[in-house]
Amino acid sequence: MASLQGYVDRRVLLVLQDGRAIVGTLAGFDQKSNVVLSESKERVYSMEEGVEEIPLGLYLVKGDMIVLIGELDDAIDQAVDLSSIRAEPILPIRY
């Protein structure tokens, strides 16, 4: 995935096959699309309590677990009040 090079040192959102949403700074990746995130947090969505952020720190994600990688706009992300957002959790992929 040579296209990941443009995301290095930028804030990204990863959606994983098990439904987790992880936000962090892309520190690196390899030829298998394994990804290293720094300053990462898991965002847990809920219909009752809004979005909870769980700090993960330096985090390694196997490439075959990643469904989506997208760059976050820091200004917009900081302006959003996550506690006011209500959303159903993303369901895991079933084969």
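**View 1. I85 in the segment after the helix.** I85 lies in the segment that follows α1 (74-79), where helices (H or I, at least four residues) and strands (E, at least two) are DSSP runs numbered from the N terminus. The model is a predicted one, in which local features need pLDDT of at least 70 and side-chain atom pairs count only at pLDDT 80 or more, while totals for chains, interfaces and linings use all residues. Residues are numbered from 1 along each chain as its sequence is written, and side-chain values use heavy atoms, with hydrogens and water left out.

**View 2. Surroundings of I85.** With residues up to four places away in sequence not counted, I85 touches S46, G50, V51 and V80, a contact meaning heavy atoms within 4.5 Å. I85 counts as partly exposed because its relative accessibility is 29%, which falls between the cut-offs for buried (under 20% relative accessible area) and exposed (over 50%), computed with a 1.4 Å probe and protein chains only.

**View 3. I85 and R10.** The C-alpha atoms of I85 and R10 are 24 Å apart in space, and the two residues are separated by 75 positions in sequence.

**View 4. The chain around these residues.** The protein chain holds one helix and five strands, which run β-β-β-β-β-α from the N terminus on. Of its 95 residues, 34% count as buried. Among the contacts of the protein chain with a separation of 6 or more, 52% come from residues 24 or more positions apart. The C-alpha trace spans about 40 × 35 × 20 Å along its principal axes.
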